[in-house]
Amino acid sequence: TLFRSPLYPFEFASRRGYLLQVDMSATTFFPYEEGTIDFDSVVKAQSLVKENPKADKSLVGLNCEDFLYALSALAFVNGEKKITLSGLLLFGTTKVIHQLVPTYGYSFQRLRNGAVLQNDDIGANIIEAYSFFKGFVALLRSEEEYHVDGVRYAANVYDEDALREGFCNAIAHRDYALLGRVRVCEDESGVTISNPGSLVKGLRKDSLISAAPRGRNPLLSDALKRLGYCEKSGRGVDRIYAGSARYGRSWPSYEGSDEAYVALFIPKSKIDGPFTHFLSSRGEGVSLLGIISLSYVRRAGQAKNEEIALALSMPLAREETYLAELIRLGLLEKDGLFYRLPLEEGGSKPVVLQNEEIFALVLKVGKANGGELRSADVQSALGVQGDKAYSILKEMVKRGMLKPISKGKYARYAVID
């Protein structure tokens with residue numbers, strides 16, 4: 001369980017945040033004094049609001065103090081001007097944040113073959129942290145080429161909107177009562193973005209794609225949305241998944257999350273050129289969940305409505321509306337109970353991974369992991385959900401390719417040479 005009963009006094013704030021009973025970011029314990037606010041960060045935020053089409057344009061033209069009040073960074077409490085925790089985190093000076101919120105901070109790391117290429121810890125406010133994050137993402141920027149009918153195309157290895165949304169979620173939903181840093185780490189396998197604090201009550205790590213938006217720090221989340229950093233609808237997770245799904249890459253995963261941290265992993269996987277071209281040439285106007293649904297069908301080759309709904313943790317009736325729209329747009333075909341991608345112009349169907357290719361890929365992942373693997377490794381490599389990964393592992397055990405070496409939720413399998 002996440003919390004024992006009775007609780008220690010220092011656990012009260014985390015418990016109430018987990019139950020969504022209190023918004024810690026709206027607390028007003030901090031007096032507004034000279035040197036509390038970094039007004040250079042305020043001016044930078046005002047400039048970003050002007051330039052960003054996603055930002056709340058009602059904030060444009062306000063002076064610095066009105067701008068802070070509009071974002072609820074400042075508040076009057078019993079006739080005294082106070083700064084909210086949200087305001088302090090967004091615009092506070094590094095010195096004051098360190099004194100008043102010692103749990104706050106960020107780590108940015110890049111690793112290669114055990115060597116540390118970058119390891120920066122910063123304690124600046126969120127506005128400055130975003131600037132640093134933007135520079136960090138620029139270091140990850142590289143293109144992967146693919147060819148369709150002899151024509152060269154290219155796409156970024158990591159979808160930058162997905163990275164930004166993952167970073168925003170880590171800031172907005174972390175538990176500020178706990179020690180620890182928001183960590184962004186890139187290595188040979190992909191990018192991990194983690195934050196202190198568990199998922200709030202009602203959320204599960206295997207059902208985040210279609211879960212109703214809810215957050216631990218609503219005031220801070222709202223300010224980030226109005227500033228244009230986060231998805232306005234609060235549905236950032238589907239954008240994170242769609243960032244990989246639109247290129248036929250392995251889906252992101254929250255399987256590394258536990259009671260202490262929420263961890264998003266965006267795998268570095270090979271682009272599916274034919275599917276990417278198919279979607280970019282024929283998929284204009286498709287919803288994010290529609291893109292994710294198409295990606296699942298692509299990986300599976302064919303799938304029933306129940307399988308797609310399960311993969312997206314979505315009620316059947318709701319998933320049926322997305323599938324009906326995809327059929328209407330000519331992006332899916334239905335054959336009996338099964339949905340498949342349609343023929344492309346020219347008559348060639350996009351390549352679908354066959355069983356032997358899937359098994360070969362799973363064995364490759366296992367060997368790269370020292371001869372062992374878990375269901376989460378298969379999910380990440382193939383972009384499938386738990387049930388599908390389990391059925392693949394079960395079949396490979398039956399064929400003598402793998403040997404189970406532990407049981408239970410985190411069962412491990414050994415590669416048989």
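**Helices, strands and cores of the predicted model**

Helix 7 is mostly covered, with 11 of its 14 residues buried; helices (H or I, at least four residues) and strands (E, at least two) are DSSP runs, numbered from the N terminus. Buried denotes under 20% relative accessible area, exposed over 50%, and partly exposed in between (1.4 Å probe, protein chains only). The structure is a predicted model, in which local features need pLDDT of at least 70, side-chain atom pairs count only at pLDDT 80 or more, and totals for chains, interfaces and linings use all residues. Residues are numbered from 1 along each chain as its sequence is written, and side-chain values use heavy atoms, with hydrogens and water left out.

The buried residues of helix 7 are Ala162, Leu163, Arg164, Glu165, Gly166, Phe167, Cys168, Asn169, Ala170, Ile171 and Ala172. The end C-alpha atoms of helix 7 (residues 160–173) are 20 Å apart, in agreement with the 20 Å that its 14 residues should span at 1.5 Å a residue; the expected span is 1.5 Å times one less than the number of residues. At the start of helix 7, a side-chain oxygen of Asp159 comes to within 3.3 Å of the backbone nitrogen of Asp161.

Helix 2 (residues 39–51) has 13 residues and extends 19 Å from its first C-alpha to its last, close to the expected 18 Å. Ser41, Val42, Ala45, Gln46 and Val49 are the buried residues of helix 2. They lie on the same side of helix 2, because they cover an arc of only 140 degrees around the axis; the arc is that of the directions from the helix axis to the C-beta atoms. The face turned away from this buried side carries the exposed residues Asp40, Lys50 and Glu51. The N-terminal end of helix 2 is capped by Asp38, of which a side-chain oxygen lies 3.1 Å from the backbone nitrogen of Asp40.

The cover over the buried residues of helix 2 includes helix 3 (64–70), helix 4 (85–91) and helix 6 (126–140). Within helix 2, Ser41 has a relative accessible area of 0% and is therefore buried. Not counting residues up to four places away in sequence, Ser41 touches Phe91, Asn125, Ile127 and Glu128, where contact means heavy atoms within 4.5 Å.

The largest nonpolar core has 92 residues, of which Phe91, Tyr106, Ile126 and Leu224 touch the most other members. Helix 6 supplies the largest share of this core, 8 residues. A nonpolar core is here a set of buried Ala, Val, Leu, Ile, Met, Phe, Trp, Tyr and Cys residues joined through side-chain atoms within 4.5 Å. Leaving aside neighbours within four places in sequence, Tyr106 is in contact with Asp120, Asp121, Ile122, Ala124, Ile126, Ala129, Phe167, Ile171, Arg181 and Val182. A second, separate core of 16 residues includes Ile358, Phe359, Ile392 and Met396.

Strand 9 (residues 190–196) is largely enclosed by the rest of the structure, because 6 of its 7 residues are buried. Strand 9 pairs with strand 8 (residues 182–187) in the antiparallel sense over 5 bridges, pairing being assigned if DSSP finds at least two bridges between two strands. The two are joined by a hairpin through 2 residues, and Arg183 stands opposite Ser194 in strand 9. Strand 9 also runs antiparallel to strand 10 (residues 261–267), to which 7 bridges join it. In this pairing, Ser194 stands opposite Ala263 in strand 10.

Gln109, located in strand 4 (residues 106–112), counts as buried at 15% relative accessibility. The side chains of Gln109 and Asn119 are joined by a polar contact of 3.2 Å. A polar contact is a pair of N or O atoms within 3.5 Å; within protein, one must be able to donate a hydrogen and the other to accept it, and residues adjacent in sequence count only if both atoms are side-chain atoms. Beyond neighbours within four places in sequence, the contacts of Gln109 include Phe136, Arg183 and Glu186.

Asn113 has a positive phi of about 50 degrees although it is not a glycine. Asn113 belongs to the loop between strand 4 and strand 5 (115–122) and is exposed at 71% relative accessibility. Ser313, likewise not a glycine, has a positive phi of about 50 degrees. Ser313 lies in the loop between helix 12 (305–311) and helix 13 (316–328) and is partly exposed at 27% relative accessibility.
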